[in-house]
Each structure stands twice: as structure tokens, then as C-alpha cells.
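Have the sequence and the 3D view open, and we'll go from one residue to the wider picture.

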Amino acid sequence: DGAEGTFGFSTNVVTDPANASPFELMDDDTKTISNVIANLDVNNPYQVSEDAVNSGFDLTDIDCSASDVLNDPTINLDNNRVDFTIGVGETLECTFTNTLRRGKILVDKVTVPGGSTQSFVFSTNFGADFNLTDSDSPYDSGPLLPSTYSVSEIGPPGWDLTSATCDDGSDPSAIDLAPGETVTCEFNNEQDANIIVEKQTDPDGSGQLFDFTTDYGAPFQLSDGQTNDSGALDPGTYSVTETVPAGWELKTATCTDGSDPSAISLQAGETVTCTFNNEQDANIIVEKQTDPSDSPQLFTFSTSYRYLL
């Protein structure tokens, strides 16, 4: 109600004197055509039609129930007109109703990795909060009047919002919805990933502490059976290295995804466990006893073992 702008009309009504030229009406305006010459020819009826519907409006009703005519007029909404006959002393009174065309907003959820069952909460200024997962159909706002609307995502822990775009170029915080427009806004989220470093020793149960450094966090220490969790990481390439203490050898260092610990290829939503296995060095002590004791005689020995340098 109260929309600005005009709606154009035309008619083939014949008057004496002639006064039935095309005309325009604003909301709540009326137009009276007087001195109409009677026309009862149903094969060539008079017509009044709405020529140019104001931008963003649809003609939704023509109501001629207030008329005082012998023959009921024919309403033709598809052609925006009313056809009618009129006799002497009769009055045709018709109301043309135009309705502002509604639009709608669709909200789509996309996750990496795809197919996640994680539910995301959305808040809007046009309706109640709603939830979406990656596999859900886009949320449909239903009919909305042209205006500026907003939709925002309440992201769960462990997920990063990587993009939020609308196909009309609007920002989701200020969606400019035009009459009859459907705007689709897509929210893309990427799941964080984790690196777990596990320490194993031979022999088992060693209390020896091993120092580790990474390019994703602070240095840490582990002994046999202990693990370190990186916490949430963005997908990328990371490294972890061990400083081997004296008396130990690093036998193997492997990651569950096949990556080398120096170049861990971490994907969205992935947890990679890298296990460092160390073996403790051993010692052989050879002791010489003589009788009589304290003999200065030197004895020569040969061995089959090697020394670690």
C-alpha cells in the first residue's frame, strides 16, 4: 500500500463527447469515464486494460463486484483486462489490485571434506535460526518483500569459514533482494586437521625424554608411550623433527598417511599420527683378572662388534 509510481491504462470505450483517452493511476487513485455510449454487443465488448504494470508488481486481481450491469463482465488476468457490455443507466466499477512481487533467499552449505555430517547454525533477520549440513538441500526463506536482508553462520569449533558469497554479488550481511529475485548464498567451511606425534622406545618403558621441534607449534618433550597433539591446524604441509639424545638411535620415523615427518601433507579433517621409534645403544665391558694379581702383562683381545661414532 502507498507504493510510488503510476500504472498505465487504456480503453476502447466510446463516449460522447469523447473523454476515454489512456490514463494513469497511482495507488488509491480513481478514474471516472462518463457519458459512455451503450454497447450490448458481446462479440465486440468494451475493454479496460492495465498496459504497463509498475516495475516489481504483478496484477493479482480485478474486482468488478461493485458494478451495476446486466451482464457480468469477463475478467482476464492473463491479459490484464476486463471485457464488458454496458447499457443505458448502467455503471461498471472495477478495482485493479497489484501486488509487489516477492523474492526469496536460498542458503547453501558446502564443507571440505565433502559429505560432512557436521551441523552449522545460521541466523537471519528474516526468520528463525536454522541448521544445515553439507548434504542438506539449500534452506528456502519463502516469499520475501524486496528489502535488505542478512544471514550469518555460527561456526562450530574445528571449522574455518573460507568463503560466504551470494550469486547476485551481495554480501550475506546485506543481501539486496529485488522484486521477484531469488538470491542463493553459499557458505564454505573447511575442517581443521591434527598432527599427533607418538614416542616409542626399545627397550619399552624408558624414561628418557626426547626433544621435538615443529613448524606449527612450540617445542615439546616425550618419553616412551607419550603423545603430543598439535591441536587444530589448517590444511597444509608441516614438519616435525626429533633431536636424538646420546646413547640412542632413531630407527624409524613414519606417518600414518605415508608422509615423511619433514613434509606432512595435512588434508582438511585429517588426523595424521607420526611415530618415532628409538633404540637405546648397548655396552660390553671386558674385565681382565690375573693370578698373581696386579700383573703388568698386557693381553690382546679381538671382537666382532662395532663402535658407534
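Does Ser49 count as buried or exposed? Ser49 counts as buried because its relative accessibility is 14%; the buried label means under 20% relative accessible area, exposed means over 50%, and partly exposed is in between, using a 1.4 Å probe and protein chains only.

A quick word on where this comes from: the model is predicted, so local features need pLDDT of at least 70 and side-chain atom pairs count only at pLDDT 80 or more, while totals for chains, interfaces and linings use all residues. Residues are numbered from 1 along each chain as its sequence is written, and side-chain values use heavy atoms, leaving out hydrogens and water.

Back to Ser49, which sits in strand E3. Strands (E, at least two residues) are DSSP runs, numbered from the N terminus. Leaving aside residues up to four places away in sequence, Ser49 touches Gly8, Phe9, Ser10, Asn80 and Arg81, where contact means heavy atoms within 4.5 Å. The side chains of Ser49 and Asp51 are joined by a polar contact of 3.4 Å. That term covers a pair of N or O atoms within 3.5 Å; within protein, one must be able to donate a hydrogen and the other to accept it, and residues adjacent in sequence count only if both atoms are side-chain atoms.

Now for the neighbours of that strand. E3 (residues 46-52) pairs with E6 (residues 81-84) in the antiparallel sense over 4 bridges; pairing requires DSSP to find at least two bridges between two strands. Val48 has Val82 as its bridge partner in E6. E6 is also joined to E5 (residues 74-76), running antiparallel, by 3 bridges, and there Asn76 is partnered with Arg81. The hairpin of E5 and E6 has 4 residues between the strands, and in it Asn80 takes a positive phi near 60°.

Further along the chain, look for Phe212. Its bridge partner in E19 is Phe220, and 3 bridges join E18 to E19, which run antiparallel. An open sheet of 3 strands has the order E19-E18-E22, with E19 and E22 (240-243) as its edge strands, each pairing on one side only.

Phe212 also belongs to the largest nonpolar core, which has 18 residues, and is among those with the most contacts inside it. Such a core is a set of buried Ala, Val, Leu, Ile, Met, Phe, Trp, Tyr and Cys residues joined through side-chain atoms within 4.5 Å. E25 gives the most to this core, with 3 residues.
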